[in-house]
Amino acid sequence: MAIPCTYVITSKKSTLENGKLMGSSSPVFPSPPSANLTQDDLKKLAAYKAVEYVGSNMVIGLGTGSTAKHAVDRIGELLRQGKLKNIIGIPTSKKTHEQAFSLGIPLSDLDSNPAVDIAIDGADEVDPYLNLVKGRGGSLLREKMIEGACKKFIVIVDESKLVEHLGGSGLAMPVEIVPFCWKFTAERLRKLFKDSGCSAELRTCPEKNGEPFLTDNGNYIINLYFKKDLGDLKAASDAILRLPGVVEHGMFLDMATTLITAGQLGVTVKNK
Ligand SMILES: O=C[C@H](O)[C@H](O)[C@H](O)COP(=O)(O)O
């Protein structure tokens with residue numbers, strides 16, 4: 001049986017001092033932070049802490065989303081300052097590719113660099129065993145391929161992402177599927193979890209007249225919502241992946257090695 005991980009809490013005093021994240025060389029904030037940090041401040045704190053684990057000569061999986069964006073910015077900054085040298089970034093989405101390219105980070109892919117030293121990425125939900133829901137930005141497939149190939153996978157979140165069990169936020173658990181007969185696949189997904197009060201909805205783009213959202217791989221996303229605990233996550237994962245038409249799902253089980261959480265009281269680092 002899995003045991004919840006132990007963790008270390010860094011006190012607020014030692015985490016933030018005059019706007020600097022201790023252990024990093026540049027200020028995270030332009031001036032001393034106010035008592036109430038915004039959610040974006042917290043994302044940045046977690047991201048900067050994670051980048052302390054990045055060294056020269058590393059191959060780095062670059063995550064996607066509003067939290068990972070801060071980590072990519074920070075890696076670009078350290079590269080410009082000459083504090084990181086000879087690194088290679090493996091982007092987990094087209095969007096991150098664009099960001100990293102614009103920052104001058106040398107980029108590659110898993111075909112050329114199959115061994116990834118470290119990956120840093122955000123998450124939509126994190127349970128006490130460091131299982132994750134990811135992919136509400138639609139990048140779950142490339143993220144899972146790259147983060148499954150790395151030695152160290154650091155997840156960075158603000159405290160709002162912590163849940164007792166996956167699906168517990170009541171928000172979507174995304175599944176990437178092929179567009180062919182998507183309604184048929186969505187209905188099979190819903191039926192798989194009918195005992196958990198599951199509903200299944202196609203992700204659409206309101207800004208494009210409700211057209212289906214397309215992933216970087218040209219696929220659709222079905223968002224699953226649960227009213228009850230999913231129970232055995234490994235069994236749920238296997239059942240989803242057995243359905244023809246499913247490409248991948250957003251449960252990242254037993255993949256994260258480190259969780260960095262930023263909250264109003266400081267930054268916590270939890271290792272598996
Ligand atoms: O597809 C998106 C990714 O899995 C993101 O890492 C996840 O959605 C978290 O994003 P954010 O940091 O913006 O909350």
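Reader: How many residues surround the ligand, and which are the closest?

Author: Two points come first. This is a predicted model, in which local features need pLDDT of at least 70, side-chain atom pairs count only at pLDDT 80 or more, and totals for chains, interfaces and linings use all residues. Residues are numbered from 1 along each chain as its sequence is written. A residue is near a molecule if its C-beta atom, placed from the backbone, lies within 6 Å of it. Here 18 residues surround the ligand, and the closest are Gly 65, Ser 66, Thr 67, Gly 122 and Gly 137.

Reader: How many residues of each class are in the shell around the ligand?

Author: Ala, Val, Leu, Ile, Met, Phe, Trp, Tyr, Cys and Pro count as nonpolar, Asp, Glu, Lys and Arg as charged, and the others, Gly among them, as polar. The shell has ten polar, five charged and three nonpolar residues.

Reader: How many helices and strands has the chain, and how is it assigned to domains?

Author: Helices (H or I, at least four residues) and strands (E, at least two) are DSSP runs, numbered from the N terminus. The chain has 18 strands and seven helices. Domain bounds come from an automatic or database domain assignment. It gives domain 1 (7-163 + 254-271) and domain 2 (173-249). Two residues are in contact if their C-beta atoms, placed from the backbone, lie within 7 Å. The contact between the domains takes twelve residues from domain 1 and eleven residues from domain 2. On the domain 1 side, helix α5 (residues 140-147) gives the most, with four residues.

Reader: Which residues have the most contacts inside the largest nonpolar core?

Author: In soluble globular proteins, nonpolar side chains tend to be buried together. A residue is buried if 20 or more other C-beta atoms lie within 10 Å of its own, exposed if 12 or fewer, and partly exposed in between. A nonpolar core is a set of buried Ala, Val, Leu, Ile, Met, Phe, Trp, Tyr and Cys residues joined through C-beta atoms within 7 Å. The largest such core has 62 residues, and Ala 46, Ile 75, Val 155 and Ile 156 have the most contacts inside it. Helix α2 (residues 39-51) gives this core seven residues, the most of any contributor.

Reader: Is Asn 209 buried or exposed?

Author: Asn 209 counts as exposed, because it has 7 C-beta neighbours inside 10 Å. Asn 209 is in the loop between β12 (204-205) and β13 (211-212), and its phi is near 55 degrees, a positive value in a residue other than glycine.
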